[in-house]
Amino acid sequence: MSIVVTGATGALGRLVIEHLLTTVPASEVVAVVRDKEKAAPLAARGVELRIADYSHPETLTGAFRSGDRVLLISGSEVGSRVPQHAAVIDAAKAAGVAQLAYTGILGGPDADFTLADEHRATEQLILDSGLPYTFLRNGWYTENLTANLAPVLEHGTVVGSAGDGRIAYASRDDYAAAAAAVLTGEGHLNRAYELSGDAALSYADYAAVVAKVTGKEIVHNDVPTAVHQEILTGAGLPAGFAAILVDVDQAVRRGKLAGTSGDLARLIGRPTTPVADTVAAAVAAL
């Protein structure tokens, strides 16, 4: 039996591997990757590499073994994820894996916004497969905010269309630690975890955090959805993806990403990372 992480060289996958290597021998960890060269540092540490691509189902034959515990990290290609995930699920079922954990989205079947559609469909495919599962319904990463920190600091403004809606942010590393915990622990089969930060913040709250960390004046500018769409496309985002992000803000306005179940803190055995800590790290990296 091995612990298998798909998408292992991605931002989340790398962190999951790091957490696994603190608790299990490298010889028990497998990284499923598209690019062998990119994964060379993992191989150098004793992690087994299996080369496969979500978009090419034939490459997934042999990616898993009977009894493996597998983490399916959701693909990054919005609009293509259901067939990609289906290929992984089919390969996992054919191999007879002991656990298929999946990184979905907070709310699961109750998440009623566009970005959640493929996650809901994937969860249903996993249920239909009959495989022992663990649903890791990840909330919003704080890094989704800090990735846009440079223009926030340049213009002194956090722009959005979510009104006073709140998001229970947690760091990517928090979510990675939770994934490692369910892959190495017991009692997690056929369970769904609603993973989110310990506290929910509005965009105005986030602006205040950035202001405190940086000592700069940062304000929140709530704009109509049409204006928000124009701002995002003006910044170079494709219109379709910009529309998805605007739709997320409307979900935030409805409270869909504000849940603080405590599941994440319980899985990782500590409080979730404060937003201010992630902001400070991002500022230091600029």
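User: How many bridges join strand β1 to strand β4, and which way do the two strands run?

Analyst: Strands of a sheet pair through backbone hydrogen bonds, either parallel or antiparallel. In this predicted model, strand β1 (residues 3–6) and strand β4 (residues 69–72) run parallel and are joined by 3 bridges, where two strands pair if DSSP finds at least two bridges between them. The bridge partner of Ile3 in β4 is Arg69. Strands (E, at least two residues) and helices (H or I, at least four) are DSSP runs numbered from the N terminus. Residues are numbered from 1 along each chain as its sequence is written, local features need pLDDT of at least 70, side-chain atom pairs count only at pLDDT 80 or more, and totals for chains, interfaces and linings use all residues. Side-chain values use heavy atoms, with hydrogens and water left out.

User: In what order do the strands of the open sheet lie, and which are the edge strands?

Analyst: The order of the 7 strands is β3-β2-β1-β4-β5-β6-β9, with parallel pairing; β3 (48–51) and β9 (191–195) are the edge strands, each pairing on one side only.

User: At what angle do helix α3 and helix α4 pack?

Analyst: Axes are lines fitted to C-alpha atoms, for helices over the stretch in contact, and angles run from 0 to 180 degrees between N-to-C directions. Helix α3 (residues 81–95) and helix α4 (residues 117–129) pack at about 20°, their axes 10 Å apart; α3 and α4 are therefore roughly parallel to each other, a term for angles under 35 degrees, while over 145 counts as roughly antiparallel, 65 to 115 as roughly perpendicular and the rest as oblique.
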